[in-house]
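Let's take a walk through a protein chain together.

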Amino acid sequence: QVQLVESGGGLVQPGGSLRLSCAASRIIFTIYRMAWYRQVPGKQRELVAAITSGGSTNYTDSVKGRFTISRDDAKNTVSLQMNGLKPEDTAVYYCNAYRVIEYWGQGTQVTVSS
């Protein structure tokens, strides 16, 4: 069974940084588009950043210039470097793997607050 395990969430002050990581297992990692989504209570889950198997990236407008997604195919991991965090970035962040079907991690909480 495919597993996506996120780590790196936590509490950070506005302007601070966090790095989220997602380790994938039982998956041919290199062929999947990997992405990070986030969700706050009462709202739809939204795409934050994605990276294709070829390394192309895209970001939602609100995080452009602050967040960077990367992947390490040798380690089956995808990361999200988050800089300049704002209170509105507070959410549960989910790792996603997609190719025809998709898989989700369990989520990791990111809280930006002073």
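How many residues does the largest nonpolar core have, and which of them make the most contacts inside it? Keep in mind that you're looking at a predicted model. The core has 29 residues, and the ones with the most contacts inside it are Met-34, Trp-36, Val-78, Leu-80, Met-82 and Tyr-93.

Let's zoom in on Leu-80. If you skip its neighbours within four places in sequence, Leu-80 is in contact with Leu-18, Arg-19, Leu-20, Trp-36, Val-48, Ala-49, Phe-67, Thr-68, Ile-69 and Tyr-93. Two of those partners, Trp-36 and Tyr-93, were also on the list of residues with the most contacts inside the core.

Next, look for sulfur. A disulfide is a covalent bond between the sulfur atoms of two cysteines. Searching the whole structure turns up one disulfide, and it joins Cys-22 to Cys-95, with 2.1 Å from S to S. This pair links distant parts of the chain: Cys-22 is in strand β3 and Cys-95 is in strand β9, 73 residues apart. Are these two cysteines buried or exposed? Both Cys-22 and Cys-95 are buried. There's a handedness to find here too: the torsion about the S-S bond of Cys-22 and Cys-95 is about -80°, so the disulfide is left-handed.

Now for the rings. A pair of aromatic rings is described by the distance of the centres and the angle of the planes. This model has three aromatic pairs. In one of them, the ring centres of Tyr-37 and Trp-104 are 4.9 Å apart and the planes are at 65°; edge-to-face means over 60 degrees, so that's what this pair is. Tyr-37 belongs to strand β4 and Trp-104 to strand β10 (residues 101-104), so the pair ties together parts that are 67 residues apart in sequence. Tyr-37 counts as buried because its relative accessibility is 14%, while Trp-104 is partly exposed at 33%.

Trp-104 has another ring partner, Tyr-94. This pair is edge-to-face as well, at 6.5 Å centre to centre with 85° between the planes. Since Tyr-94 lies in strand β9 and Trp-104 in strand β10, the pair ties together parts that are ten residues apart in sequence. Tyr-94 counts as buried, with 13% relative accessibility.

What sits over the ring of Tyr-94? The charged end of Arg-45 does, 3.7 Å from the ring's centre. The charged end of Arg-45 also sits over the ring of Trp-104, 4.6 Å from the centre of that ring.

Finally, let's visit some loops. Most residues other than glycine have a negative phi, and most peptide bonds are trans. In the loop between β3 and β4 you'll find Arg-26, where phi is positive, near 60°. Arg-26 counts as exposed because its relative accessibility is 57%. The loop between β7 and β8 holds Asn-76, which has a positive phi of about 55° without being a glycine. Asn-76 is partly exposed, with a relative accessible area of 22%. Ala-74 is in the loop between β7 and β8 too, and at 75% relative accessibility it counts as exposed.

Note on methods: Residues are numbered from 1 along each chain as its sequence is written. This is a predicted model: local features need pLDDT of at least 70, side-chain atom pairs count only at pLDDT 80 or more; totals for chains, interfaces and linings use all residues. Side-chain values use heavy atoms; hydrogens and water are left out. A nonpolar core is a set of buried Ala, Val, Leu, Ile, Met, Phe, Trp, Tyr and Cys residues joined through side-chain atoms within 4.5 Å. Buried means under 20% relative accessible area, exposed over 50%, partly exposed in between (1.4 Å probe, protein chains only). Contact means heavy atoms within 4.5 Å. A disulfide is a pair of cysteine sulfur atoms within 2.5 Å. Helices (H or I, at least four residues) and strands (E, at least two) are DSSP runs, numbered from the N terminus. Rings of Phe, Tyr and Trp (its six-membered ring) pair if their centres lie within 6.5 Å; planes under 30 degrees apart count as stacked, over 60 as edge-to-face and the rest as tilted. A charge sits over a ring if NZ of Lys or CZ of Arg is within 6 Å of the ring centre and within 35 degrees of the ring normal.
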